[in-house]
Amino acid sequence: MNASELLQSYARGEMDFKGLTLVGINLSGADLIGANLVQTDLENANLTFTYLSRARLRQSNLSRAQLGGANLNQADLSAAILHDADLHGASLQGADLRSANMTLADLLDANLMGADLRNADLSGANLTGACLRGANLRQENRKYTTNLRGAKLHQADLRGTNLSGADLAFVDLSRANLSEAVLRDANLKGANLQGALLKNANLTGVDLSGSNLDDTDLTLCRFARSNLSAAQVNHVRGRGADFSDTLLKQTQMNRSDLRDSRFTRADLARASLRGSHLAKALFVEAYLGRTDLTDADLTEAVLDRAEISSTILTNALLTGATMPDGSIHE
């Protein structure tokens, strides 16, 4: 079936095009709303600016297809192959992309708001400037995990997105908006989050070892039981952040605003917090072995039962701080 025959059939009310071989077909700008294209081979097809909202494309082959500017809102693309597809500026709002293969896909400025991306493979995909607000990328179970390893999410809008358990190792999330996002147990090892917004985000149990969080907004962010060993967390706005039971070994947290933050039972061995604002921060039972707090402001901080015998406190301000023995520093 060629493009003309297909469009004529659709115009007559025919909706079922399941399993057809349509390799390289040109349907640019066509109206195929609600069409049944399940298991259809659309490799290298030209679908730019095509209307495919609510279309059924489950298990279809769209590898290397041109879908720039296409409307795929609420479309069923579950288990579809979108490898190396061009989705630049496409709208996939509310689309079902569960278990889809989107490796190396170009999703520059695409709209994925509210899309279901559970178990999708987005490794190496370009999501620069994409909108993923409210999208679901959470880990379905131990076996099925959304793979974003090596993806580009620079300046992406991920507000409120569920990324629990997602594989985001070495991902570029610089200047991305992750406010109120849920990233519980996600893998962000070596990720670039420089300048990102993480206000009120949930990063409980996350692996952020070796990551770059310089200049981020971590206000009220939850890092409990996470691993930030050897991470760069300099010049951050992190007032009220929770680092309870967190690994912060050799972490750089210099010149950061961490007032009212919680470091209860955190391991800060050889970490550096030089010149940071830590007024009223809680370090109850924290380990501060060789931690560098030079020029830090610890006014009214609570260091009850903390290990500070080898802590570097040169020029640190400790007025009103509760010391490990319970005494108040004057």
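Residues are numbered from 1 along each chain as its sequence is written. In this predicted model, local features need pLDDT of at least 70, side-chain atom pairs count only at pLDDT 80 or more, and totals for chains, interfaces and linings use all residues, while side-chain values use heavy atoms, with hydrogens and water left out.

Ile 25 lies in the segment after α1 (3–11); a helix here is a DSSP run of H or I with at least four residues, numbered from the N terminus. Contact means heavy atoms within 4.5 Å. Leaving aside residues up to four places away in sequence, Ile 25 touches Met 1, Asn 2, Ala 3, Leu 42, Ala 45 and Asn 46. From Ile 25 to Ala 45 the C-alpha separation is 4.8 Å, although the two are 20 residues apart in sequence.

Asp 217 also lies in the segment after α1. With the same exclusion of residues up to four places away, Asp 217 touches Ala 196, Leu 197, Leu 198, Lys 199 and Arg 237.

**The cavity**

A cavity is a set of points, on a 1 Å grid over the protein atoms alone, where a 1.4 Å probe fits but cannot get out. The largest cavity has a volume of about 40 Å³, the volume being the space filled by probe spheres set on the points. Lining residues have an atom within 4 Å of a point; among them are Leu 127, Leu 148 and Leu 173. The lining divides into nine nonpolar, no polar and no charged residues.

Conventions
Helix = DSSP H or I, 4+ residues; strand = E, 2+ residues; numbered from the N terminus. 1 Å grid on protein atoms, 1.4 Å probe; cavity = no way out; pocket = protein on both sides within 12 Å on 5 of 7 lines; lining within 4 Å. Nonpolar A, V, L, I, M, F, W, Y, C, P; charged D, E, K, R; others polar.
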